[in-house]
Amino acid sequence: MDAFTPASGGAGAGGRRPGGTASASAGTGGGVDTATGTSGAAEAGAGAAGPSRAGTDGVRRPAGGTRTGVGGRTATDGAVAPADGRAAGAVASRSASGADTGVGTAPGADTGGRAAGRAGDGGAVANASRPATDGVRPAAAGRPEPTGAPAGRPASGARSRFVAYARLAKFEFVLDYYLSMLVLWTALAGSVRFASDTWTTLLLFLLGEIGVISAVMALDDVNGIKDGSDRANYLGTGGTPLRPLERKPLLTGALTVLQATRFGYLSLLWGTVFWTASAVAAPERPMWALVVTGLVLFAGFQYSWGLKLSYRGLGEVLIMGCPLVIVVAPYGFVTGHLPALVLVQAVLFGLWQILVSCYSNTKDISGDAAVGRSTVAVHTSARGNLVFIGALSAVDLLLTVGASAVGWAPWWFFAALLPEMALRLRQFTSFSRNGDALLARRRGVVAFRTGVAGIVLANLIHFAS
């Protein structure tokens, strides 16, 4: 159950009942208060002055939390934040006649940075025709609507902004993508590896890769803040140490949506320029390398943006296919061909990435489902998702051993990847027992880096012999 799903409570003593509804007579101004609770026990309260009234809006009233509105009536207006520090969500609409209607949602539905003791948008005047919200808007068709980011300090100064943009681009995480250069460079024969045109081609491709990946990550975050999925997936979990909130500068308020969108488009332009320059400078330009590079350039940033391919069931394909291409394409630009050994290593490189992301998707099921993102984890049962992850893990092991068995790689190739295979087995078997998706994801990152080290070692030995 995520932060956008109301929770129900049982009936209790003291006049509390689930989904309770109470109405009270107006004060001297003739205002009528009606409140409907949907998130737990409804609690009766009385005003501090004027005619007494009882009202429930799905939140508990703290002592002294009264206010006086127009017309001489009193109303309690303070919402106590739940134990995890998030304000209880409440939506209220105020009519010109002074009538108040409040709909309470589950505690934790709002993480908009409002302090405890505030409900609505702080409007104490009842005689106003405007809606007042507490950071959560009613969702259409069960989808979480975009909400304001938690209160945070905007990044100021060159260093702070650089750090914020680096976090927007997920630079710490996607450093693993740039290991593709190390894999393909060590897969080159010694005479080609140190040639000047090789260095020029690979450097230009790497610079373009940084731009393309930064665009994908930035625009994904912009979409995530707009549709509410990042709030559900990061704040809805209580901000566990495995998912630091600092990774999402739009949620913390360090960057604005406009800044992030502009950064995404400029990064895409950067990537396009440098990938074009890499192809022009390349000693070889096989058609297949040009085509797959163009496909990644076109489709990669549309993972969550534009065509929103991850919403159309193509997310896993992109997560595996894009890392695969950034190994084979520059290799093709340098050599003009694609041997089986490099193809195997590229497939493993992409497969290891999806064996990180599929665990993230497992953790994000409720948030992704709420916004319509189509992942295997969303569309299958828990058992079906486990079977899918198990199948991917089995392919990893079978391809590693099979490549050595059929001659696509040296017979000893699998031995260099034994540590990765051991970590992969541990990742899957542990997850199948405890269901801890974020721990499995972290272990997947370790397995990925270990596997890359094994491939690099195998390449260096192979071409040194």
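The chain folds into 17 helices and seven strands, taken as DSSP runs numbered from the N terminus (helices H or I of at least four residues, strands E of at least two). Of its 465 residues, 49% are buried, meaning under 20% relative accessible area with a 1.4 Å probe and protein chains only. This is a predicted model, in which local features need pLDDT of at least 70 and side-chain atom pairs count only at pLDDT 80 or more, while totals for chains, interfaces and linings use all residues. Residues are numbered from 1 along each chain as its sequence is written, and side-chain values use heavy atoms, with hydrogens and water left out.

**Chain totals**
- Among contacts (heavy atoms within 4.5 Å) between residues at least 6 apart in sequence, 70% join residues at least 24 apart.

**Largest pocket**
- The largest pocket holds about 1300 Å³ of space.
- A pocket is an open set of points on a 1 Å grid over the protein atoms alone, where a 1.4 Å probe fits, with protein on both sides within 12 Å along at least five of seven lines; lining residues have an atom within 4 Å of a point.
- Grid points are joined across faces, edges and corners, and the volume is the space filled by probe spheres set on them.
- Of the 49 lining residues, Lys170, Phe173, Met217, Tyr234 and Arg441 are the closest to the centre of the largest pocket.
- H5 gives the largest share of this lining, seven residues.
- The lining comprises 25 nonpolar, six polar and 18 charged residues, with Ala, Val, Leu, Ile, Met, Phe, Trp, Tyr, Cys and Pro as nonpolar, Asp, Glu, Lys and Arg as charged, and the others, Gly among them, as polar.

**Helix H8**
- H8 (residues 257-281) has 25 residues and reaches 36 Å from its first C-alpha to its last, close to the expected 36 Å, which is 1.5 Å times one less than the number of residues.
- Its buried residues include Gly264, Gly271 and Trp275.
- The buried residues of H8 pack against helices H1, H5, H7, H9 and H10.

**Two buried residues**
- Tyr178 lies in the loop between H2 (171-174) and H3 (179-186) and is buried at 11% relative accessible area.
- Not counting residues up to four places away in sequence, Tyr178 touches Phe171, Leu206, Glu209, Ile210 and Ile213.
- Gln353, in helix H11, is buried at 2% relative accessibility.
- Beyond four places in sequence, the contacts of Gln353 include Phe173, Tyr177 and Phe448.

Technical notes. Buried < 20%, exposed > 50% of the residue type's maximum accessible area, 1.4 Å probe, protein only.
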